[in-house]
Amino acid sequence: MADLTLGGEPPAVMTDGVWLACIECGETVAPYDDVVYRCPDCDGLLEVRYEEYPTFEAFEGTGVWRYADALPLAEGVSIKEGNTPLYTVPEIEADVGVADVRVKHEGMNPTGAFKDRGMTVGVKVADRLGVDRLACASTGNTSAALACYGARADTEVLVLLPAGKVAAGKVAQASLHGARILEVEGNFDACLDIVADLADRGEAYLLNSINPFRLEGQKTIGLEILEQSLAETGEWPDRIVLPVGNAGNTAALYKCFRELVEAGAMEEEEMPALTGVQAEGAAPMVEAVREGNDEVRRWEDVETIATAIRIGNPVNAPKALPGVKATGGTAVAVSDEEITDAQRALARDGVGVEPASAASVAGLRKLRAEGEIEADEQVVCLTTGHLLKDPDAAAAAGGDMTSVPADTEGVLDVL
Ligand SMILES: Cc1ncc(COP(=O)(O)O)c(C=O)c1O
Ligand SMILES: N[C@@H](CCOP(=O)(O)O)C(=O)O
């Protein structure tokens, strides 16, 4: 299992208080000398490490850059990402039978998904590295965010999408923001293999979540949840339930908590239990957690209505699995029907999300019914993308239209 211990003597490669460390062998790498995604020695995942980790007192301002002291750079390519709402969901609370459920709606970011938090950091690092083409594989949201932030930074963007499996709103975003879009006859994992190969050949700078700088931005989801929960309830949540695809958020949240522990701002026992949810047709992380495996087996054939998490090879699993374990969390798989039911339940509470996001609430409902989540827990469900990302799924889950003639009597007849 990976060693995710922070602290220790800063290495000679440290630049501006920051370096990269391999989570497998501990090798350290200079952050901005060369483009690097994995350990040059053992190919392990890299993590951004800091000379100092801030406590909450250091934070000021709003949005992702409120947390600049916890990030590698002082500013990013920004379109005001972060500062998303933490909603109460009274109907879901009553229905699921958990005393305090809140929903952190990341769909309220500028491009409608949490990816913006990573891109504001990652695209700025790309700028510092002097690269001239940004690229990603995507089930849709990463491509929309990268296209948008690439446009803002005036840098070329290339995106590889699994043909026929990306929701309409996301393709529209990538297209309008000016990305070069390639539709690949394969699934997301195949797209990521190709784009990682292109990046290794120096053709583009990779901005999927294997890029350690992107995950730094996504850490701020955790910081916001902790600050908002404390302000609204007087406590930190016991548990965060989140959808899992490439497992970037699970890894980023765990890193957020570890850094707070290292800074002395949180006790280890206070880390919210990270609880991952996948669709039954794409559940390699759930399989690993349930079987107690240290590694995730790649699923070649994946299928789900929640196309954003139609992923069989979660690249961040070596960072995320230890997080689920260390925080006392778990993982659960939910059916497409359960996802759609949860999407409707969220909509009834006024929260419009895409199917992958609803997986978190579906997972909460299932784990509560199975007795794995207690009735008195304070739970935050992460909803990762906006309803309008996938209008077809929303329309299919919603009610039918009634056609009427163009006069008031005709309308009154059907009321
Ligand atoms: C809407 C949405 N939810 C959840 C996920 C999964 O997040 P992660 O890859 O960080 O596990 C993704 C993308 O992967 C997504 O686009
Ligand atoms: N759901 C993602 C899949 C890619 O995840 P990433 O976080 O590694 O970029 C998407 O929107 O493409």
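Tutor: The following account describes the annotated site and then two of its residues. The model is a predicted one. The UniProt record, an unreviewed entry, assigns the feature "binding site" to Asn141, Gly245, Asn246, Ala247, Gly248, Asn249 and Thr384. These positions span 244 residues in sequence, yet no two of their C-alpha atoms are more than 14.4 Å apart, so they gather at one spot.

Consider Asn141, which belongs to helix 3, a helix covering residues 141-152. A residue counts as buried when 20 or more other C-beta atoms lie within 10 Å of its own. Asn141 has 32 other C-beta atoms within 10 Å and is therefore buried. Leaving aside residues up to four places away in sequence, Asn141 touches Ala113, Lys115, Lys170, Ala308, Gly385 and Lys389.

Gly245, by contrast, is located in a loop, namely the one between strand 10 (239-243) and helix 7 (248-263). For Gly245 the count is 30 other C-beta atoms within 10 Å, so this residue is buried. With residues up to four places away in sequence again left out, Gly245 touches Thr139, Ala308, Ile309, Ile311 and Pro314.

Definitions and conventions:
Residues are numbered from 1 along each chain as its sequence is written. Chains are lettered from A and ligands numbered from 1 in the order in which they are written. This is a predicted model: local features need pLDDT of at least 70, side-chain atom pairs count only at pLDDT 80 or more; totals for chains, interfaces and linings use all residues. UniProt positions are given in the numbering used here, feature names are shortened, and annotations may be inferred rather than shown by experiment. Helices (H or I, at least four residues) and strands (E, at least two) are DSSP runs, numbered from the N terminus. A residue is buried if 20 or more other C-beta atoms lie within 10 Å of its own, exposed if 12 or fewer, and partly exposed in between; C-beta atoms are placed from the backbone. Two residues are in contact if their C-beta atoms, placed from the backbone, lie within 7 Å.
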